[in-house]
Amino acid sequence: MASTSSTFRITPSTAPLSAEQRQQQLQSIQFGRVFTDHMAVVSYRNGTWQDPEVKPYGPLSLSPASSVLHYGQAIFEGFKAYRQPDGSISLFRPDSNSERFNRSAARLAMPSIPQELFIGAAEALVAIDQAWVPSGSGESLYLRPFMIATDAFLGVRPSEEYLFLLIASPAGEYFPQGLKPVSVWASKEYVRAAPGGTGEAKCAGNYAASLLAQAEAKEHGCDQVIWLDAIEREVIEEMGGMNLFFVYRDGGAPVVVTPALTGTLLPGITRSTLLNVAGDLGYQAEERRLPLTQVLNDIASGAISEVFACGTAAVITPVGEIKGRGFAQTINNNENGPVAMALRTALLGIQRGTAPDTHGWLHPV
Ligand code: PLP
Ligand code: COI
């Protein structure tokens, strides 16, 4: 695809961090806390996207009546830029994020943004802030595109004006404890998404609605929530910011199974990537309905040997324990499992350019 980053007007920061200050920030990276010197901004008015710009990272000025602040028209994405062995930088599957962003936009009655602008924003931002792309193992530059409704109007209807922004944040491990199994709480009280709702869109409201259940998980000593379906409160869907995989071993090659897409869970790009990578590694991969009771029985009997979560921020994170009201089930002795680790190594190898990119997922900047 032709690069469009040159269409972005560039206004460099007059006060970027010094190389030494930046190095200090990159030394102990905490997910989502530090941002690079610039951001990309494109505005939508009169039915078109206009004034693509890369400018110094900084506060936005919005009317207090902006519709995003009242009715929540806000969507976002997450993808990463990886340092390659030759020092160059590649984005991972930005076209898939662009497509999902526009599906989320359609669900929230927001305008779609052309892929050239979406990817062009990432290319322009990564180019100017390239010194921020870390090179350590498991490290990357996390890119966060988002769109908000900016009409200063209190009537309930789709906004006519929007802002698209892209900010960037150096990333290491998502969970503060590093690469160790997480414990998860299967919530029966709260529901993330119902049929016909916004579950498969990456909209801000889905995350706001998840926070109370996340707090409940913490109260029970768990790191994350497992969401169940809204009707039966029994079929496993996904986690707060990750999809789930279950590894079945029946003597032969491992079979990795993930919940089928029902319209109420996010169609993760890491999920789709792993369904392919599993095949590359000689595993069988399946998408199907996974009732919690069945999964707990299969863990107890040893039919399921590993459970892991996956997502852009979390990469692959093993799940060591599933808890809920009246049950607690440990998985693989609460240790990282071999299939999750093999998939993680294969995935990071492709992303970091140390393994061949046979699927054409890397997008050089
Ligand atoms: N599910 C939810 C709710 C998420 O927020 C994410 C993160 O983006 C995922 C799953 C994983 O999606 P992806 O692999 O595209 O990052
Ligand atoms: C991602 O993995 O990109 C996410 O959006 C997950 C989380 C940080 C919300």
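**Ligands, domains and helix pairs**

The shell around ligand 2 consists of one nonpolar residue and four polar ones, with no charged residue. By name, the residues that surround ligand 2 are G78, G241, G311, T312 and A313. Please keep in mind that this is a predicted model.

Now the other ligand. Which residues sit around ligand 1? The list is G78, E238, G241, M242, N243, L266, G268, I269, T270, R271, G311 and T312. Sorted by class, the shell around ligand 1 holds seven polar, three nonpolar and two charged residues. Helix α7, residues 269-280, contributes the largest share of that shell, namely three residues.

Let me stay with α7, as it also packs against another helix. Its partner is helix α9, residues 338-351, and the two axes come within 10 Å and cross at roughly 105°. Angles from 65 to 115 degrees count as roughly perpendicular, and α7 and α9 are therefore roughly perpendicular to each other. On the α7 side the contact has T273, L274, V277, A278 and D280, and on the α9 side L343, A346 and L347. Of the residues in the contact of α7 with α9, six are nonpolar, one is polar and one is charged.

Next, the overall division. The protein is split into domain 1, which covers 9-173, and domain 2, which covers 182-352. Between the C-alpha centres of domain 1 and domain 2 there are 27 Å. To the contact, domain 1 brings 23 residues and domain 2 brings 13 residues. Which elements of domain 1 each supply at least two residues of the side that touches domain 2? They are β4 (74-76), β5 (79-83) and α3. With six residues, α3 gives the most to this side of domain 1. The side of domain 1 that touches domain 2 is made up of ten nonpolar, seven polar and six charged residues.

That brings me to α3 and its own packing. Helix α3 spans residues 94-107 and packs with helix α4, residues 115-128, at an angle of about 125°, with the axes 10 Å apart. Since angles of 65 to 115 degrees count as roughly perpendicular and those over 145 as roughly antiparallel, α3 and α4 are therefore oblique to each other. Their crossing is right-handed. From α3, the contact uses P94, D95, S98 and F101, while α4 provides Q115, F118, I119 and A122. By class, the contact of α3 with α4 has five nonpolar residues, two polar and one charged.

To recap the two helix pairs: α7 and α9 are roughly perpendicular, and α3 and α4 are oblique. That is all from me.

How values were computed:
Residues are numbered from 1 along each chain as its sequence is written. Chains are lettered from A and ligands numbered from 1 in the order in which they are written. This is a predicted model: local features need pLDDT of at least 70, side-chain atom pairs count only at pLDDT 80 or more; totals for chains, interfaces and linings use all residues. Axes are lines fitted to C-alpha atoms, for helices over the stretch in contact, and angles run from 0 to 180 degrees between N-to-C directions. Helices (H or I, at least four residues) and strands (E, at least two) are DSSP runs, numbered from the N terminus. Angles under 35 degrees count as roughly parallel, over 145 as roughly antiparallel, 65 to 115 as roughly perpendicular and the rest as oblique. A crossing is left-handed if the near helix is turned anticlockwise from the far one by less than a right angle, and right-handed if clockwise. Two residues are in contact if their C-beta atoms, placed from the backbone, lie within 7 Å. Ala, Val, Leu, Ile, Met, Phe, Trp, Tyr, Cys and Pro count as nonpolar, Asp, Glu, Lys and Arg as charged, and the others, Gly among them, as polar. Domain bounds come from an automatic or database domain assignment. A residue is near a molecule or strand if its C-beta atom, placed from the backbone, lies within 6 Å of it.
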